[in-house]
Amino acid sequence: MIEKTKYSNRGPISMDSIPIEDTEIALNEFSGNSNGLAKALRALWQNGVKTYSSYAEVQDPCDIAYIKIEKGKDLFCFLSPFLISDCMVQLDYENEMQVIRFAGNRAKIEGSLLALARDIQSGRKRNEKLVAKKLYVPFPEEWLKEYYQYKANQGNKVRELSA
């Protein structure tokens, strides 16, 4: 059974409800065992971009991590052409919130999350056209087949990924 802690495993938590003195506790709990997610979340928060939810507890050889941003906040403006052009990175909106997903194995996802942290730290970019072309582009079909097959073999139900 997964242990419930102060900020993890409770579903989305409003960033405004976290006292400043608990920021490090929340960061550690939100990022789980992902150094890349911890660095990305820290960079986002330092730039005033509040997150809504995130996940990167990747253990399987085929998995997906994500970061969902609060309504009205912009993550996509920080993305470099390198990250935008990665076919294992997906950008979309859910309920008017920006979502970035990272697919692959643990090493691939960690590398992408670290690249995201660097992109955020380097500041905003003029990437509107690249982002517009990338929105709602699904992961590669051959990877999706592998992902669904792996999850089915593990007995896990997965919802269809947005396309």
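Tutor: A salt bridge here is a side-chain nitrogen of Lys or Arg within 4 Å of a carboxyl oxygen of Asp or Glu. This is a predicted model, in which local features need pLDDT of at least 70 and side-chain atom pairs count only at pLDDT 80 or more, while totals for chains, interfaces and linings use all residues. Residues are numbered from 1 along each chain as its sequence is written, and side-chain values use heavy atoms, with hydrogens and water left out.

The structure holds 7 salt bridges. Side chains of opposite charge can pair when their charged atoms come close. One of the pairs is Asp60 with Lys151, whose side chains meet at 2.9 Å, N to O. That pair links distant parts of the chain: Asp60 sits in the loop between β1 (51–55) and β2, Lys151 sits in helix α6 (residues 141–153), and 91 residues separate them. The helices (H or I, at least four residues) and strands (E, at least two) are DSSP runs, numbered from the N terminus. Lys151 counts as buried because its relative accessible area is 7%; buried means under 20%, exposed over 50%, and partly exposed in between, with a 1.4 Å probe and protein chains only.

Helix α6 also holds Lys145 and Glu141, 4 residues apart, or about one turn of the helix. Their side chains form a salt bridge at 3.6 Å, N to O, and both residues are exposed. Elsewhere, salt bridges that share partners join Lys68, Asp92, Glu94 and Arg101 into one network. Within it, the closest N and O atoms of Glu94 and Arg101 are 2.3 Å apart, and both of these residues are buried.

Now the setting. The chain has 6 helices and 4 strands, in the order α-α-β-β-α-β-β-α-α-α along the sequence. Of its 163 residues, 47% count as buried. Taking a contact as heavy atoms within 4.5 Å, 61% of the contacts between residues at least 6 apart in sequence join residues at least 24 apart.

Helix α4 (residues 106–121) has 16 residues, which at 1.5 Å a residue should span 22 Å, and its end C-alpha atoms are 23 Å apart, in agreement; the expected span is 1.5 Å times one less than the number of residues. Its buried residues include Ile109, Leu113, Leu116, Asp119 and Ile120. The buried residues of α4 pack against α2 (35–46), β2, α3, β3 (89–94) and β4 (97–104). After α4 comes Gly123, with a positive phi near 100 degrees.

Ser80 lies in the loop between β2 (63–69) and α3 (81–84), and counts as buried because its relative accessibility is 10%. Leaving out residues up to four places away in sequence, Ser80 touches Asp119 and Lys125.
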